[in-house]
Amino acid sequence: MNQSKKLFEQASRSIAGGVNSPVRAFRAVGGNPVFFSHAKGPYLYDADGKEYIDYIGSWGPMIAGHANPKVINAVHEAIKNGLSFGAPTAIETEMAERVKSFFPTMQKLRFCSSGTEATMSAIRLARGFTNRDTIVKFEGCYHGHSDSLLVKAGSGALTFGIPSSPGVPVDLAKHTLNLPFNDLDAAEALFKDKGESLACLIIEPITGNMNMILPKSGYLEGLRKLCDQHGSVMIFDEVMTGFRVAKGGATELTGVKPDLICLGKIIGGGMPVGAFGGRDDIMDMLAPNGPVYQAGTLSGNPVAMAAGLATLDVIAMPGFYESLSEITASFSKGMVTAAEKAGVAMQGVCRGGMFGLFFADQPVNTFAAVTGCDEEIFKRFFHQMLDRGIYLAPSMYEAGFVSSAHTKDDIERTIDAAQLSFASL
Ligand code: KE4
């Protein structure tokens, strides 16, 4: 019996579902999750010592590759000074100023310890700033697991939301409305009907949780205009896309200026860091300056800040995004070409170090189109690639990631494995 299977059985006796986050359990693809013992550069090593080329990167943070020496050294140095003070440190200010240099619309920000905290806090802030309760999210977008954001569309986009998880009160869920992503007409209809009651809209400007979908031309600009017309706060959830699709995330790529931005993943370089920030007048509503409460014991933790800063040093190097975009594009093109040669319909999209692959014969730009992709083929492909030492996200709804540590040889090995896998589907 392989070590991962044994470890999973043992974990399942003490940890709910055997994992500390559901997607890791392989439920969407079947089989047992792989347990890893260590990682280096683009590679993960499982409990049996088998090497994998990693295209998840811990769900985004590991853009500089696993165990990047610069990041490891920075953490080693920080740890010598102690782990946590629960009091302000200069490194938090240094990190805040550095983040603002990547995201100039963030006039002020606050650190927290996860993307969930960042988005949960941002919508509370928007509700407090506007004195409105109703928020808008987009079907297929995921913003972490706070109650107001675990809500799906009711019978129609214009009706109140319903909980997408037990434990979320119906009375709370009704304050969250869902719109279809990339449908500006639907957004205009909702704002026409309810605009004056909408505290905010929160969106993944380039989605990653219904796999990777780019906004249609003019879509985000249209949402920006609606928020301006109705006094609603525009929140970009860049937890995944921030520092990933470009140095300044989707905000830089699209040129649309949100009122608040939520960050996570890469900002911590693998350590627990989230952040939210934006317009001064909104952020000044946050305690202790203002009445909107938000807090966190380990927020701005100096060791996590050191990991984040070192990671931002790496990605700020000249040419970083040019070479990352180039190798990611070669990966995406190679996968689609290999699929075509095997007579398998596949669509590919990528920006910066993020990619989306769809088993579909047409480009995918809506949630409905994603759900129409061939999940059975995806599952078989996932396991074929896993057997060949290629670690893709265990869900067809997840985007994938390339790091600066991936080499042309890694991409060639991946495409070779894909050719064999497509032929065996
Ligand atoms: P965390 O609380 O997991 O740090 O961040 C939540 C979050 C918020 N916003 C976006 C756009 C996100 O993608 C996420 C988390 N992403 C998932 C994967 N799609 C993390 C993996 C997991 O849940 O284990």
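**Tour: the ligand site and the nonpolar core**

Start by selecting T116 and the ligand: a polar side-chain atom of T116 sits 2.6 Å from a ligand oxygen atom, a polar contact being a pair of N or O atoms within 3.5 Å. This is a predicted model, in which local features need pLDDT of at least 70 and side-chain atom pairs count only at pLDDT 80 or more, while totals for chains, interfaces and linings use all residues. Residues are numbered from 1 along each chain as its sequence is written, and side-chain values use heavy atoms, with hydrogens and water left out.

Next, select E398, which has a polar side-chain atom 2.8 Å from a nitrogen atom of the ligand. For K265, a polar side-chain atom lies 3.0 Å from a ligand nitrogen atom. The ligand taken alone exposes 540 Å², and the protein buries 86% of that (Shrake-Rupley method, 1.4 Å probe).

Now show the shell of 16 residues around the ligand; S21, T116, N209, D237 and E398 come nearest (near: a heavy atom within 4 Å). By class, the shell has five nonpolar, seven polar and four charged residues, with Gly counted as polar and Asp, Glu, Lys and Arg as charged.

Colour by domain, using bounds from an automatic or database assignment. The ligand lies between domain 1 (3-67 + 319-424) and domain 2 (69-315), because both give residues to its shell.

Finally, select V99, F111, F138, L223 and F243, which have the most contacts inside the largest nonpolar core, a set of 103 residues (buried Ala, Val, Leu, Ile, Met, Phe, Trp, Tyr and Cys joined through side-chain atoms within 4.5 Å; buried means under 20% relative accessible area, 1.4 Å probe, protein chains only). Helix α11 (residues 320-341) gives the most to this core, nine residues.

How values were computed: A polar contact is a pair of N or O atoms within 3.5 Å; within protein, one must be able to donate a hydrogen and the other to accept it, and residues adjacent in sequence count only if both atoms are side-chain atoms. Buried means under 20% relative accessible area, exposed over 50%, partly exposed in between (1.4 Å probe, protein chains only). Helices (H or I, at least four residues) and strands (E, at least two) are DSSP runs, numbered from the N terminus.
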